[in-house]
Amino acid sequence: MTEVRYLLFLGCVIPYRITSYEISTRKVAEKLGMELVEMPDFNCCGLPIDSVSHDMMLALAARNLCLAEQQNLNIMTLCPGCGGTLLKVNEKLKHDKVLKQKVNGYLKEIGLEFKGTIKVKHIVQVLLEDVGFEKIKETIQRPLTSLKVAEHEGCHVLRPKKYLGFDDPEDPMVFKKLIELTGAECLDYEDETACCGAPIIGVNDMIPLQLTREKLVHIREVGAQAVITVCPFCHMMFDINQPRIERVFNEKFGIPALHYTQLLGLAMGISPDELALDQLRVKASKVLEVLSLTQKATPLQK
Amino acid sequence: MPEKTQPKVTKQVKVIKANEIDPRFKYEVSKVPGAKKIMICFQCGTCTADCPIARFSDSYRPRKLMRMTQLGLKDRVLSSDNIWLCAACFTCVDHCPQDVEISSVLRALRNMAVKEGVMPVVFRDLSSNILKTGYAYVIPALRLRKREEQGLPPLPKASLESIAKLSEVTGFSELVKKKKEESE
């Protein structure tokens, strides 16, 4: 078996607000025999300030890529925003000599040089291409056959197609297959690949709330018991912002949003507490009931 | 549904005056990496039709912003709140029959607006956080302690010296400072 060894790129949002994604990923990675290497010197991927200065974004992203090159290790991200950014900058610098020269001019100031020797992948792509469905299947100990879920993969895992390209953005199948490996049924719903709106929430909050509300309506319509995500921003819209959506639109959803790694972890037989399910804002108690699992009561629970 | 922060609507009825037009603008934009194909947008409107944001906004229309850019309506475009509404979902980028990277054009426009001193508060915060910590969000001490309790490894600490240097050579620190002085 080939060794799956990656530098883990956490980014900002996961340690800031969504540690449950990191905790569950580490648990699942252990079971899958993946080795996640820490990189103590990484900085922001650059995406958050691309709108302010594209050059600074390129410099920040390229610095991370250079650090990974020095370790001779590929990068795995949990956040599709970080993943998409690092992957795109990596590809652009590999193929655009003029741009590479410019960015290397910046990097020279800090004693680095982009060479283009590594790859960047989001965890979904790593699970597909490096871990493989067979290996995942072998680790399933408690198939979640009684569970019906919906998927929200997030834009940056799929688009732009010319950079990501491992799945069809018009009819994505990879994430659904990954979900179905856990034994859960992944239901189709209207406008599945639509954006949740999260990136503009700092500029205009009503548009993202309406977009996510519409997705929740469609998810509820097909009778899904949970929505599964692989992006901390999308997760924030579905989880942290769901009570707000319920207030603004005077509507009750109560649809828990689980990270894929939590779903997979449950199917691997890992306990809900170890997977940090108690950290979810929208409690997953109904999901656990369906699966006949229990979770410790926390004082924060509603 | 009413929007909480109503973006300024670029009035359709407003007559375009010849002196508003900067014929060099589209060339300026097209020189920015990723924005080159603004020159060949033929206004089919696929971007607007497929845009999730446009569905819930009264004013955000990517096709219109592309046309305004081509026409050279520099001031109107750069001062418009609409350029800040793209969520970078890349649906339009994938669907554009002319292969225009609409989101990159909008990013180029935002970068230009910043140079003119226009920057939404959220981006100023993210920028100053990056200069302070190397990350867009400042992780509170409580979180860091909690990480330890949860047995998670320490978070990466970016080299602030390197960040400062990169910020200087890319002109980023100047942009962030500029805005600050103006708003004070």
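Let's start with a term. Two strands count as paired if DSSP finds at least two bridges between them. Here is one such bridge: V149(A) has A226(A) as its partner in β7(A). Keep V149(A) in mind, please. This is a predicted model. Its scores are ipTM 0.93 and pTM 0.93.

Now, chain A and its sheet. V149(A) also has a bridge partner in β6(A), and that partner is C186(A). The strand to look at is β5(A), residues 148-152. β5(A) and β6(A), residues 185-187, run parallel and are joined by three bridges. Turn to β7(A), residues 226-229: four bridges tie it to β5(A), again in parallel. Among the partners across that pair are E151(A) and, in β7(A), I228(A).

How covered is β5(A)? Mostly: four of its five residues are buried. A residue is called buried when 20 or more other C-beta atoms lie within 10 Å of its own.

Now put the strands in order. The sheet is open, has four strands, and reads β6-β5-β7-β8 in chain A, with parallel pairing.

One helix to point out here. α13(A), residues 260-267, lies across β7 and β8 of chain A. Against β8(A), α13(A) runs at about 75 degrees.

Zoom out to the domains of chain A. The assignment gives domain 1 at 5-123 and domain 2 at 140-290. Their centres, taken over C-alpha atoms, are 25 Å apart. Domain 1 of chain A puts 23 residues into the contact, and domain 2 of chain A puts in 22. Which helices supply at least two residues each on the domain 1 side? They are α1 (13-17), α2 (19-31) and α4 (80-95) of chain A. α2(A) gives the most to that side, with nine residues. By class, the domain 1 side of this contact holds 10 nonpolar, eight polar and five charged residues.

One backbone detail before we leave chain A. The peptide bond from R159(A) to P160(A) is cis, with omega near -5 degrees. P160(A) sits in the loop between α8 (155-158) and α9 (174-180) of chain A.

On to chain B. Chain B has 11 helices and zero strands. Of its 184 residues, 39% count as buried. Take the contacts in chain B between residues at least 6 apart in sequence: 70% of them join residues at least 24 apart. On confidence, the mean pLDDT of chain B is 92, and 90% of its residues reach 70 or more.

Chain B is also divided in two: domain 1 covers 18-115 and domain 2 covers 121-183. The centres of these domains of chain B, over C-alpha atoms, are separated by 29 Å.

Two loop residues in chain B deserve a stop. As background, most residues other than glycine have a negative phi, and most peptide bonds are trans. Q43(B) has a positive phi, near 60 degrees, and is not a glycine. Q43(B) lies in the loop between α1 (25-30) and α2 (46-50) of chain B. Then there is D99(B), also not a glycine, with a positive phi of about 65 degrees. D99(B) is in the loop between α6 and α7 of chain B.

Are these two exposed or partly exposed? D99(B) is exposed, because 12 other C-beta atoms lie within 10 Å, and the cut-off for exposed is 12 or fewer. Q43(B) has 13 within 10 Å, so it counts as partly exposed.

Last topic: where the chains meet. Chain B brings 54 residues to the contact, and chain A brings 47. On the chain B side, the elements giving two or more residues are α3 (52-56), α6 (91-95), α7 (102-115), α8 (121-133), α10 (160-169) and α11 (172-183). Which of chain B's elements gives the most to this side? That is α10(B), with six residues. The chain B side divides into 34 nonpolar, 12 polar and eight charged residues.

Definitions and conventions. Residues numbered from 1 in each chain as written. Chains lettered and ligands numbered in written order. Predicted model: local features only at pLDDT ≥ 70, side-chain atom pairs only at ≥ 80, totals over all residues. Contact = placed C-beta atoms within 7 Å. Nonpolar A, V, L, I, M, F, W, Y, C, P; charged D, E, K, R; others polar. pLDDT = per-residue confidence, 0-100. Axes fitted to C-alpha atoms, helices over the stretch in contact; angles between N-to-C directions. Domains from an automatic or database assignment.
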